[in-house]
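Good morning, colleagues. I would ask you to look at the sequence and the structure together while I go through the fold, the overall dimensions and the aromatic contacts.

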Amino acid sequence: MDHKIYKIDDILKVLPHRYPFLMIDRMEIIENGVKGIGYKNVTINEPFFQGHFPGKPIMPGVLQIEAMAQAAGFVIAVSDEKLEPANVLFMNVDKVKFRRPVVPGDRLEIHVEKLKERKNIFVCGGKTFVDGNLVCEAELTAMVSTL
């Protein structure tokens with residue numbers, strides 16, 4: 001089944017992350033097990049804005065990468081359409097480019113696509129957008145673990 005929307009209750013069934021480290025508010029599966037779009041509503045209430053940076057809040061780039069990793073993990077984990085807890089472990093990040101800052105009030109769109117798969121190792125491409133503008137891109141490697 002392709003093109004399905006998952007809301008926060010579904011995401012919490014699959015990803016182990018919780019506040020303040022859950023970076024996905026909603027997921028849209030475009031192609032089952034291959035491609036999806038995650039959404040993160042960036043608000044001034046995020047705890048990282050207290051120190052990054054006072055008076056000029058900018059979402060840390062490393063958290064944008066984490067959001068990509070979570071979105072990719074969700075796409076991989078629900079490829080069999082089961083909403084069960086998944087152990088998708090982030091292994092590597094490559095080809096990272098940051099294009100512009102993400103600030104409170106932005107809606108981060110996290111586009112991820114599985115590029116390669118070998119046994120339990122997956123390579124995914126990710127791009128994040130705000131208002132249609134590319135803000136970050138990266139290539140992520142993760143593994144599905146039985147931990």
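This is a predicted model: local features need pLDDT of at least 70, side-chain atom pairs count only at pLDDT 80 or more; totals for chains, interfaces and linings use all residues.

Two helices and seven strands make up the secondary structure of the protein chain. In sequence order, the elements run β-α-β-β-α-β-β-β-β.

Let me turn to the dimensions. The radius of gyration of the protein chain is 15 Å, which agrees with the value near 15 Å for a compact globule of 147 residues. Along the principal axes, the C-alpha atoms occupy a box of roughly 45 × 30 × 30 Å. Buried residues amount to 42% of the 147 in the protein chain. Among contacts with a separation of 6 or more, 62% join residues 24 or more positions apart.

Finally, the aromatic residues. How many aromatic pairs does a search of the whole structure find? The search returns two. In one of them, the ring centres of Tyr6 and Phe74 are 5.2 Å apart and the planes meet at 70 degrees; an angle over 60 counts as edge-to-face, so this pair is classed that way. Because Tyr6 belongs to strand E1 (residues 4-6) and Phe74 to helix H2 (residues 61-77), the pair ties together parts 68 residues apart in sequence. Both partners are buried: Tyr6 has a relative accessible area of 3%, and Phe74 has 0%.

How values were computed:
Residues are numbered from 1 along each chain as its sequence is written. Side-chain values use heavy atoms; hydrogens and water are left out. Helices (H or I, at least four residues) and strands (E, at least two) are DSSP runs, numbered from the N terminus. The radius of gyration is taken over C-alpha atoms; the globule rule is 2.2 Å times the number of residues to the power 0.38. Buried means under 20% relative accessible area, exposed over 50%, partly exposed in between (1.4 Å probe, protein chains only). Contact means heavy atoms within 4.5 Å. Rings of Phe, Tyr and Trp (its six-membered ring) pair if their centres lie within 6.5 Å; planes under 30 degrees apart count as stacked, over 60 as edge-to-face and the rest as tilted.
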